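This report concerns a predicted model and looks at helix packing and at contacts between aromatic rings. The sequence and the structure are shown here.

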Amino acid sequence: MAELTRGEKAALRYYIGDVSGSDAFYGDPKAYVALNALFFAGTAAERSRAAEGKRLNPAVLADINRLTELFAVLFSAFRKCAAENERHTFRVERWSDYALCKAAGATLSLTSTSTSGFLSEYRDRLGIALMRFTLPQGTPCIDVARALDFYAKPDEAEILLPPFLALDIAEVSVSDSEQAILDSAGEPPRCSCIVTAGELLPCTAEAAELPHGGAEAGQRVFAALNSREEPLREDEELYSQWKAAYRTKLHGFFT
């Protein structure tokens with residue numbers, strides 16, 4: 001693994017929530033909630049996170065140049081990092097996200113996995129799927145503890161996977177011990193699966209102009225969902241169109 005630059009380390013620390021200060025963007029320890037939602041089509045991801053009581057930070061969409069630079073630096077870090085030998089990691093995934101991930105056969109957003117088993121910190125979800133990952137040697141991923149000079153969350157033993165990473169997913173029976181892993185409503189996992197990571201998928205979609213006002217519409221969608229209110233339909237539609245174009249931009253940017 002190549003040494004990350006100061007900027008790459010700062011972006012990685014920001015993503016995992018190691019932040020300080022009161023800045024609306026840089027001071028948000030859970031900015032990843034909104035950052036990851038950007039990679040999903042429509043607004044189902046935003047709705048599921050809001051339904052769990054998680055806040056979608058409108059400041060994430062306040063400066064798109066800043067946002068794009070953050071992703072550019074994170075993607076630069078991924079290009080320097082890969083599994084030096086086969087790794088085995090775990091993830092407690094939100095069921096709704098898992099279904100989309102399985103249908104796509106790939107990671108859809110940045111995906112945190114752990115070498116320490118199924119972490120209780122990630123059971124705060126409504127409906128869960130248990131994922132056991134095999135990361136072959138050469139798989140693009142970031143071993144956060146190795147990448148950073150100081151790791152603020154060592155108990156999480158995080159191996160971060162990039163978006164657009166091909167996955168081979170095979171569902172298996174939920175074991176008796178796994179039945180004891182409960183979601184935020186006290187329900188057992190809806191499924192368990194074995195996942196083998198592959199290569200980064202190329203971008204096949206054509207680049208499109210970002211719809212004017214889409215990010216601002218997204219801020220209004222975030223604000224409405226944070227307040228448990230229904231967003232305006234026109235805001236949802238414009239934001240969804242903007243996200244589709246932005247996601248294609250990021251995919252081409254990364255791969």
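The buried residues of helix H3 make their packing contacts with helix H2 (32-37), strand E1 (87-94), helix H5 (95-104), helix H7 (214-226) and H8. Helix H3 itself spans residues 44-51, and its buried residues are Ala45, Glu46, Ser48, Arg49 and Ala50. In general, an α-helix has 3.6 residues a turn, so residues three or four places apart point the same way. After H3 comes Gly53, which has a positive phi, near 85°.

Turning to the aromatic rings, the predicted model holds 15 aromatic pairs. In one of them, the ring centres of Phe78 and Phe254 lie 6.0 Å apart with their planes at 55°; because a pair counts as edge-to-face only over 60 degrees and as stacked only under 30 degrees, this pair is classed as tilted. Phe78 belongs to helix H4 (residues 64-80) and Phe254 to helix H8 (residues 233-254), so the pair ties together parts that are 176 residues apart in sequence. Both residues count as buried, since the cut-off is under 20% relative accessible area, and their values are set out below.

| Residue | Relative accessible area |
|---|---|
| Phe78 | 2% |
| Phe254 | 6% |

Phe78 and Phe254 also belong to a cluster, linked by ring pairs, that includes Phe39, Phe71, Phe75 and Phe164. A further contact with a ring involves a charge: the charged end of Arg66 sits over the ring of Phe25, at 3.9 Å from the ring centre.

Key:
Residues are numbered from 1 along each chain as its sequence is written. This is a predicted model: local features need pLDDT of at least 70, side-chain atom pairs count only at pLDDT 80 or more; totals for chains, interfaces and linings use all residues. Side-chain values use heavy atoms; hydrogens and water are left out. Rings of Phe, Tyr and Trp (its six-membered ring) pair if their centres lie within 6.5 Å; planes under 30 degrees apart count as stacked, over 60 as edge-to-face and the rest as tilted. Helices (H or I, at least four residues) and strands (E, at least two) are DSSP runs, numbered from the N terminus. Buried means under 20% relative accessible area, exposed over 50%, partly exposed in between (1.4 Å probe, protein chains only). A charge sits over a ring if NZ of Lys or CZ of Arg is within 6 Å of the ring centre and within 35 degrees of the ring normal. Contact means heavy atoms within 4.5 Å.
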